[in-house]
Structure formats: structure tokens, C-alpha cells
Amino acid sequence: MDDWTTPHDRVLAQRNAEGWMFLIEAARDLRTTGAIAPSGKTLARLLTDPVDERGARPVNVLEVGAGTGSVTRALIPRLSSGSRLDIVEANPRFAARLRHLVHAHPHLAGVGERVRVHHTYLEQLGTGHRYDVIVSGLPLTNFTPARVEAIMDRYLDLLEPGGTLTYFVYRGTRYARSLTATRAETVRHRGVEEVLADFQRRHATGCWTVWPNLPPARVWRLRRPADPAAPAITPTALAGRGR
Ligand SMILES: C[S@@+](CC[C@H](N)C(=O)[O-])C[C@H]1O[C@@H](n2cnc3c(N)ncnc32)[C@H](O)[C@@H]1O
């Protein structure tokens, strides 16, 4: 007989295993892994809301930095029929786990060819596609400002006009770093925030704080203009949207 008797037991066992896997990968390389635990359900839902909002139309979706698949798992059931999903993950052990998740997921039975896991860095991705929605899990505040600028430019480039990018940053990381890190690290972190603030000023349509997450996170939603002449949203209007 099975050791886990109910589906609930199985889900708990799977979450536990993923938690440990994440922690081990963080211990191996915290800068690339970017967290010590996978995203929680509220964060995963907020990141994937733009897919749901597209309704019944098929969508092209790109998920970058999928880790153990906590966001992927929220994303897959929200894909309408005929949609395409490309998942990019740099860590080979996470990529193998994501392949297993995709192959075993009941929602994807018979449409496997529309969902692909790419074991590569985003910077080296070449799918030849554009996307309606990009969901980013990359640990941007661990990178250099120049790399973040290149990644954000790449995201905008990969989006269809009118397409949506969601990403998150953990709250309070600069403060936490300023207590322990070198001055060069603090300056690097501030530089990344400035790069992101510039993209937010030009393209943000919303932001939300997710307190029940480890650590709490701020989700940003950016939109590639459908019409390059469309007016940007002002910071004052944006401030009213936070929750
Ligand atoms: C903070 S974790 C997020 C994992 C997952 N999306 C979640 O929310 O639980 C960041 C992930 O991005 C991956 N990663 C880091 N740099 C990357 C890059 N340049 N291209 C693709 N994946 C990358 C890491 O291996 C890790 O799995």
C-alpha cells in the first residue's frame, strides 16, 4: 500500500520535497536561485492573473525562472485551449523537475507539444516567438544594473504590442543587505532599483504587495504599449492602485 493515503497527503509530501529542493539549490547558489523557498499561492495567482484575464482566446505565455514550478502550477490550469507555454529555467535540476511536472499534468494531456521547458538562461533563449504574457520569477535584485536593463529590454522585445509582463521583487531586501553587505553591494542593489523604477515609470499598470509570502513580495505589472504614442501612466495614478 501507498505510504500517503490521501491526495492531500501527497500534495503535502510534494510541497515538502520542493521546499527542501529549493533550500538545497539556494545553498548551492543563492545569487541565481534568488530565494530560500518557492513562491506562495497568493503570489503565484497574482503573477498569473493576466493569463486568466485573456479569457477564452488562445495565449502565448513565457514563464522565466520557474524554479520548482510553484507559479507554473498556478499558470497551467489558467491556459485556454490552443494556448502555448514556454518555460525557461537555468538550473538543470529545476528544469528536470519542471519537465516531469509538465508531462504528468492532467490539464496538458494531449497538448504536450504546445508546452516546452527550455533549460537555458533567458539571455540565450531563442524560441522565435512573441508572447501575450510573460511571467518572470528572476531574482532581478541579485543581478547587476546593466544585466537587469538588458533583461527588461528583452522582455519588452519578446512581448506582443499590448502584451503584459509580471515580475516580483522581495520587500526589504535592500535594507537587509545594507546591514550586512559591502558598500559596493548596496550601490549595486540601488542601481538595480533605479533601472526597474525607470521601466515602471514608463510601462507599469499596477503593483501589489503580497504580505503572506516568504519573504513578502511586491508584484509589478508592466504593459508593452499597443501604440507607441499611448500616454504613460503617471506615478500618482499608479500609487492609487497599490493594495
Ligand atoms: C526566485 S526563484 C523563483 C522560482 C519560482 N518562479 C517561484 O516563484 O517559486 C528564481 C529562479 O530563476 C532561475 N534563474 C536565475 N537566473 C536565470 C536566468 N538568467 N534565466 C533563466 N532562469 C534563471 C533560478 O534558477 C531560479 O529557479
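Helix α8, which in this predicted model runs over residues 183-203, contains 21 residues and spans 30 Å from its first C-alpha to its last, close to the 30 Å expected at 1.5 Å a residue. His 189, Val 192, Val 195, Leu 196 and His 203 of α8 are buried; seen down the helix axis, the buried residues of α8 fall within an arc of 120°, so they line one face of the helix. An α-helix has 3.6 residues a turn, so residues three or four places apart point the same way. On the other side of α8, the exposed residues are Arg 183, Val 187, Glu 194, Ala 197 and Asp 198.

The largest nonpolar core has 49 residues, of which Leu 43, Leu 47, Val 61, Leu 75, Ile 134 and Val 219 touch the most other members. Leaving aside residues up to four places away in sequence, Ile 134 touches Leu 62, Val 64, Tyr 155, Leu 158, Leu 159 and Leu 165.

Turning to the ligand, 23 residues surround it, and the closest are Gly 34, Ser 39, Gly 65, Gly 67 and Gly 137. The elements that contribute two or more residues to this shell are α2 (30-33), α4 (70-75) and β2 (84-89). By class, twelve residues of the shell around the ligand are nonpolar, nine are polar and two are charged.

Key:
Residues are numbered from 1 along each chain as its sequence is written. This is a predicted model: local features need pLDDT of at least 70, side-chain atom pairs count only at pLDDT 80 or more; totals for chains, interfaces and linings use all residues. A residue is near a molecule or strand if its C-beta atom, placed from the backbone, lies within 6 Å of it. Helices (H or I, at least four residues) and strands (E, at least two) are DSSP runs, numbered from the N terminus. Ala, Val, Leu, Ile, Met, Phe, Trp, Tyr, Cys and Pro count as nonpolar, Asp, Glu, Lys and Arg as charged, and the others, Gly among them, as polar. The expected span of a helix is 1.5 Å times one less than its number of residues. A residue is buried if 20 or more other C-beta atoms lie within 10 Å of its own, exposed if 12 or fewer, and partly exposed in between; C-beta atoms are placed from the backbone. The arc is that of the directions from the helix axis to the C-beta atoms. A nonpolar core is a set of buried Ala, Val, Leu, Ile, Met, Phe, Trp, Tyr and Cys residues joined through C-beta atoms within 7 Å. Two residues are in contact if their C-beta atoms, placed from the backbone, lie within 7 Å.
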